[in-house]
Amino acid sequence: MITHSADIVIVGSGITAALMAASLAEKTTKSILVVEAGKPTTPFAERVRARERWKAYGESPWKQDHLDDQNATGTTWGFSPSMNVGGLAMHWGGVSPRYSPEDFRLRSMYGVGSDWPFSYDDLDPFYQEAEERIGVAGEQGPVALDPRGKPYPLPPLPINYNLAQLQQWATKAGIATWSTPSAKNSVAQDGRAQCQRCDTCYPICPTGAKYSPDFTWDALIARKRITLVTETLVRKLEADPKTGRITRATGNRTTASGEAVTIEGGTFVLAAGFVWSPHLLLLSKSSAFPDGIANRSGLVGKYLAGHRNVNAYLRLPMELFPGINVQHSLVSKQFMRVPRSSRYLRHDLRIWESSVGREPRLRGDDGQLQFGDALMQDWQQRAKGATARVRGYYDVLPDKDSALSLDATKTNRFGDPMPNVSFKDAPESAALKDWQEEQLRELFRTMAKAGGGEILRMENSANDLGQEHPVGGCRMGTDPMQSVVDAHGRAHDHENLWVAGAPAQPTASCCNGTLTFVAVGLRTAAAIAGAAV
């Protein structure tokens, strides 16, 4: 039996956990223990070589980033690749927009969905803290569309020639756009390089310009402010049946030994994402808590939320140069703010230069193989003109039965049932879905027409089993019978248990969510620091 103890125990080591640990290390003198089921993945010193092998052979640049028997079912993408130090943000794209103020007041403003128990203005300082800690390079959009209390910590990533032409086209269509905020160094800082726009942000940044959580963990470990325990799966929380206080966490090593582990602490923080945080709470059944920990409301695992998208490729009568930093884009929040009187549709808008239909090819129109000069001449001809990719994530309101459950037919090596994830739209979203997607397609037709172009093809994510940038499973609120945690992430029924980031969110907006997950987690960290005794 292995025993660990600390004043503050954080379960999970993803981006939310990393930034919370950094904040707590500054705001308290308490000991901090971080528990991760997986191993460290590819270290920074090996990423240039990892990129070379990915480009040459298609080999994954991320080593030992998963546990073979720890997977969610019910989705097309699964969750095992998050089982490593740093979680999914080790290989994210770095896109870091904020939600819109409307996201926090959907019920009040539109009569649908749920209000959050705090406002955009309440979260603004934690958005700022998140941006400063990970180094977000951004451009202030129109204040009415993109409010913020302070400037971005880093200047925006440059809009290159291609995006400048596409920005002019968007303006003709009546759409205001600006450089997408990204967690990539537009100037060198924190010992990390300036972004060289080598266009492999995903799956791997070889220079360290893009933020990943290992940079934070390495700094905290070097300063001896945290203890990171890896290859240790927390399988159960135990609570005092009278007071509800969490007394310990138990689990096992994920090494061959499978040795039992006990973790004692004063404060427990679940920062394991929207799947593994509610999964652990549901696993933690006892005679005193027969439905699991923090589940008096019956809402643990419920109200999973995300969004879907409609995507289009447009041919435009202009000359672009394909392949120049195609991972960077323009963004607009113009459609995230809609009149209260209209039918409910809120979406973001992103615009990229695209090489679709303009790539090099081995066979010509006649089906014959091409080599050398013939291949280059064909490519030069095909590369003329311009293709744009446009995409809108649209808001999907969750049903209560959009849920995570335990699947006894799928177990890990320890016999624990694995999570099954099933997304379900709320009735109001289900009724609007076809109309919403047609509105997006019509917007893309209008944009193409404004530029004298044409639609090449349109597609959406309707065939995906899951939703994108998901949240929920431990939703926050003021009523203990309608929520799992309070407005700061503290479990209603357990004074020393907190759930951080994405799982606590009531809704998922209509844009990339990572920055908001972190900001919500930082707000929780501030409450923990104030509450620590």
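Helices here are DSSP runs of H or I with at least four residues, numbered from the N terminus, and their axes are lines fitted to C-alpha atoms over the stretch in contact, with angles running from 0 to 180 degrees between N-to-C directions. The model is a predicted one, in which local features need pLDDT of at least 70 and side-chain atom pairs count only at pLDDT 80 or more, while totals for chains, interfaces and linings use all residues. Residues are numbered from 1 along each chain as its sequence is written, and side-chain values use heavy atoms, with hydrogens and water left out.

Let's start with a pair of helices. H1 (residues 15–27) packs with H6 (residues 213–222) at an angle of about 30 degrees, and their axes lie 9 Å apart. On the H1 side, the contact (heavy atoms within 4.5 Å) is made by Ile15, Ala17, Ala18, Ala21, Ala22 and Ala25. H6 brings Pro213, Thr216, Trp217 and Leu220 to it.

Now follow the chain to H4, residues 120–134. Eleven of the 15 residues in H4 are buried, meaning under 20% relative accessible area with a 1.4 Å probe, counting protein chains only. Among them are Tyr120, Phe126, Glu129 and Arg133. The buried residues of H4 pack against H1 and also against helix H10 (514–531).

Technical notes: Helices (H or I, at least four residues) and strands (E, at least two) are DSSP runs, numbered from the N terminus. The expected span of a helix is 1.5 Å times one less than its number of residues. Buried means under 20% relative accessible area, exposed over 50%, partly exposed in between (1.4 Å probe, protein chains only).
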